[in-house]
Amino acid sequence: MVVAIMGFLPSHTGLPQKSSCRSGICDPMVLKQRIRHKRVGIFGRKQISPTNRLYYGQNDTGALRVFVMSDLHTDYAENMAWVRRLSTVWYRNDILIVAGDVAETYKNFVVTMSELKDRFSGVFYVPGNHDLWCRREGGNYTDSLEKLRALLDVCTELGVETSPRIVDGLGIIPLFSWYHKSFDKEKDVTGIRIPSLEMACKDFHACTWPPELSNGDVALAHHFDMMNEKNNNAVEEVHKTNCQIITFSHFLPRQDLCPEKRMLFYPNLPKIIGSDFLEVRLRFIHGKNGNRSACHVFGHTHFCWDAVLDGIRYVQAPLAYPRERKRRMNGGENWLPFCIYHKGFMDKLSPSYWSEYYSKNKREPDKTDLAPWVARFYTR
Ligand SMILES: [Fe+2]
């Protein structure tokens, strides 16, 4: 998880591909240097690994277990192999929530979801940005919205849920979303040359949109948010049954679920990670002040997270890229999928580097002096 400190490798910087990024922010060689820094102990503290070991094994209790994860990125063979290694016995009575970024290609998406559906009694899904990339689809889709429809159709065929459902007294509500630049409300870091969003984030090239929509604009985020309207009746049903509720999205509902800009190798990251529309929906669903059984699962930044903010528990449990796991970002992979519900919500928050950090340290977004590891990166 240490490298997550750096916030260097969000899912959208697309590191393994060849990069034209002159600053080196997308350069694998720079990544190696970052790893070396980690090994010599820039951060000098023990890694915190999330724990989930109690929930390894078969569910013999008859009580529903709900596991979560995001950012499977199974275009990487190692990640697909990880999915295939999941037990075909342990999760037969359980639910899995997948908070987006399954795979870049339709083919890998279908294979992954089929593998998961073979293992869990129920699988829920919302799309992430990588799922809507069109660049390797051989012109099969006119744009990312058409690909989205194809993904939702195949989910229906596979029996993967993309709409709200009540399962054993637990309401599970997927929320569609896309990020917008104006989600970022914190002071920008200045005085260094930060690559443009278009240069750092592959979505600007790998996704295509109808002419009236463009990546990063609030209109695109609004378009995705409006897809949730068709579920209003189902959400109302969940409310009526007075059950416990898990909502989930790929993108972030609030900026304080991401480290401050001065901690990030790409300080403009908050402009491409979240949607204000999400938090409005969450507060409508879970109540303005949340409640003891309100939980929201998200993904996208690959920063593991488990924290309660204003009465809602926010969880991120990403598989992330093989290279991130190799350097033990998020404590590897052995704690996934992560169990958040068994005979009710798990009481204990799982230790995760950044959510632990912010439980002890005040957020100071007006402070824009770079963290030492970021400063070193930009002066190199
Ligand atoms: Fe993502």
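Below is a short chat about a predicted model.

Biologist: What are the ground rules for this model?

Modeller: It is predicted; local features need pLDDT of at least 70 and side-chain atom pairs count only at pLDDT 80 or more, while totals for chains, interfaces and linings use all residues. Residues are numbered from 1 along each chain as its sequence is written.

Biologist: How many helices and strands are in the protein?

Modeller: The protein has 13 helices and 10 strands. Both are DSSP runs numbered from the N terminus: helices are H or I with at least four residues, strands E with at least two.

Biologist: Which strands make up the open sheet, in what order?

Modeller: The order is β4-β5-β6-β7-β9-β8, an open sheet of 6 strands with mixed pairing. Two strands pair if DSSP finds at least two bridges between them.

Biologist: Which strands stand at the edges?

Modeller: β4 (165-167) and β8 (305-309) do; each has a single partner strand, so one side of each lacks a neighbour in the sheet.

Biologist: And β6, how does it pair with β5 and with β7?

Modeller: In the parallel sense with each: β5 (residues 170-174) and β6 share 5 bridges, and β6 (residues 244-248) and β7 share 4. Leu170 is opposite Gln244 in β6, and Phe248 is opposite Val297 in β7.

Biologist: Is β7 buried or exposed?

Modeller: 5 of the 5 residues of β7 (residues 294-298) are buried, so the strand is largely enclosed by the rest of the structure. Buried means that 20 or more other C-beta atoms lie within 10 Å of the residue's own, exposed means 12 or fewer, and partly exposed is in between, with C-beta atoms placed from the backbone. Ala294, His296 and Phe298 are buried on one side of β7, Cys295 and Val297 on the other.

Biologist: Changing topic: at what angle do α4 and α5 cross?

Modeller: Roughly 25 degrees, with the axes of α4 (residues 106-119) and α5 (residues 144-158) coming within 11 Å. Axes are lines fitted to C-alpha atoms, for helices over the stretch in contact, and angles run from 0 to 180 degrees between N-to-C directions. The two helices are therefore roughly parallel to each other; that label covers angles under 35 degrees.

Biologist: Which residues make the contact?

Modeller: On α4, Tyr106, Phe109, Val110, Met113, Ser114 and Lys117; on α5, Ala150, Leu151, Val154, Cys155 and Leu158. Contact means C-beta atoms, placed from the backbone, within 7 Å.

Technical notes: Parallel < 35°, antiparallel > 145°, perpendicular 65-115°, else oblique. Contact = placed C-beta atoms within 7 Å.
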